[in-house]
Amino acid sequence: MAVKDMKRVFSGVQPTGNIHIGNYLGAMKQFIELQNENECLYCIVDMHSITLPQDPKQLRQHILDVAALYMAIGLDPKKSIIFVQSDVSGHAELSWVLTCNSYTGELSRMTQFKQKSKGRESAPTGLFTYPVLMAADILLYDTDIVPVGNDQKQHIELTRDIAIRINNKYGKTFVVPDGKFVKSGARIMALDNPDAKMSKSAENPHSRISLLDEPSKIKKSIMKSTTDSEGVIRFDVEHKPGISNLLSIYSVFADETVEALEARYEGRGYGDLKKDLVEVVINNLTPIQERFKEIRQSQELLDVLQDGAERAGVIAEATMKRVKDRFGLGWK
Ligand code: AMP
Ligand code: TRP
């Protein structure tokens, strides 16, 4: 394995539309900070998104949307490799090798699988092996650090288990990666139900704030958000999940501590907090939306993805050669 001076970072976002502030604050914001001192790969994981049915025309659009959003939030293609998963065949190839070294027992314990397959008599096999494809994404690039939201902890653990298992059996083949989680914002909750995480697929659009939402929609979603009847602005996830969620969002966007916010809003009503939060969120999202519009139309975006696929492909090919050697696959 080549000796690397810098740490390698890999993460992915599914192109399923509605990228929201949970994705941004929980994961994507970290991507930007990491790109200055590490060798970063940021992927649009389109193969993960077809674990559930997608409209093909829409999927193509969403792939370009996520790529443009990556750049709009501040990823610099000169510093980071930005690419689409299905452009690099190594993801699918390695995924099969890892599938043969993972167990139905461990995959059955994944909470994301349990949630997504709930109520179905039979679920798509890809939904079940989804975490193995994710492990392949990570291990394919000798990744050291994986910045993700809290909901991915279990998948990172599985990736580590598979890497260690194969290293023990076949000799050192993979780097064992570590997850990286933000301190606040790692789990942004739904605005209409602060007991559930904010999600792309929830039916109620006011449950989330998408990065591309209009100011009027942002205002409505925040003003309608579920709180409690105590009337005191205090961070207490257990007893006041709604207010605590609003404080978390405020704190990360405004770069102020929750304590400072509690002090500022002492004796004031929820309406005041919500009104100010609307302004903070709009002020943060407007510049992202302006950059997005410009980049999404540009030829530069397509050039970035082409270049990204080529650069990622070189690393992937070297790993696949090593994996094939270790496993005795092929004849060369
Ligand atoms: P996905 O939309 O599932 O591709 O998620 C992209 C990234 O956003 C992953 O790192 C997730 O862990 C993270 N993420 C998704 N939902 C939330 C949430 N509600 N709060 C914080 N992070 C999230
Ligand atoms: N499973 C992740 C999610 O749902 C997305 C993802 C796929 C990912 N492959 C990855 C994240 C590799 C980090 C690294 O959010």
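Predicted model: local features only at pLDDT ≥ 70, side-chain atom pairs only at ≥ 80, totals over all residues.

Me: Which residues of helix α4 are buried?

Reply: Buried means under 20% relative accessible area, exposed over 50%, and partly exposed in between, with a 1.4 Å probe and protein chains only. Helices (H or I, at least four residues) and strands (E, at least two) are DSSP runs, numbered from the N terminus. In α4, which spans residues 90-99, the buried residues are G90, H91, L94, S95, V97 and L98.

Me: Why do these residues line one face of the helix?

Reply: An α-helix has 3.6 residues a turn, so residues three or four places apart point the same way. The buried residues of α4 fall within an arc of 165 degrees when seen down the axis, so they line one face. The arc is that of the directions from the helix axis to the C-beta atoms.

Me: Against which elements do the buried residues of α4 pack?

Reply: Contact means heavy atoms within 4.5 Å. The partners of these buried residues are β1 (8-13), α2 (46-49), β3 (80-84), α7 (125-139), α8 (153-170) and α13 (299-327).

Me: Which residues come nearest to ligand 2?

Reply: A residue is near a molecule or strand if one of its heavy atoms lies within 4 Å of it. Ligand 2 has 13 residues around it, of which Q14, Y130, M134, D137 and Q152 come nearest. A polar contact is a pair of N or O atoms within 3.5 Å; within protein, one must be able to donate a hydrogen and the other to accept it, and residues adjacent in sequence count only if both atoms are side-chain atoms. A polar side-chain atom of Y130 is 2.7 Å from an oxygen atom of ligand 2, and an N or O atom in the side chain of Q152 is 3.1 Å from a nitrogen atom of the ligand.

Me: Is Q112 buried or exposed?

Reply: Q112, located in helix α6 (residues 111-116), counts as buried because its relative accessibility is 12%. Its side chain is joined to that of Q152 by a polar contact of 3.3 Å.

Me: Which residues are closest to ligand 1?

Reply: Ligand 1 is surrounded by 18 residues, and the closest are Q14, G149, D151, I188 and K200. An N or O atom in the side chain of D151 lies 2.4 Å from an oxygen atom of ligand 1. A polar backbone atom of M198 lies 3.0 Å from a nitrogen atom of ligand 1.

Me: How many salt bridges are there?

Reply: Side chains of opposite charge can pair when their charged atoms come close. A salt bridge is a side-chain nitrogen of Lys or Arg within 4 Å of a carboxyl oxygen of Asp or Glu, and the count by this rule is 17. One of them pairs K217 with D213, with the closest N and O atoms 2.8 Å apart. K217 is buried at 16% relative accessibility, and D213 is buried at 12%. Salt bridges also link D228, E230, R234, D236 and K240 in a network.

How values were computed: Residues numbered from 1 in each chain as written. Chains lettered and ligands numbered in written order. Heavy atoms only, no water.
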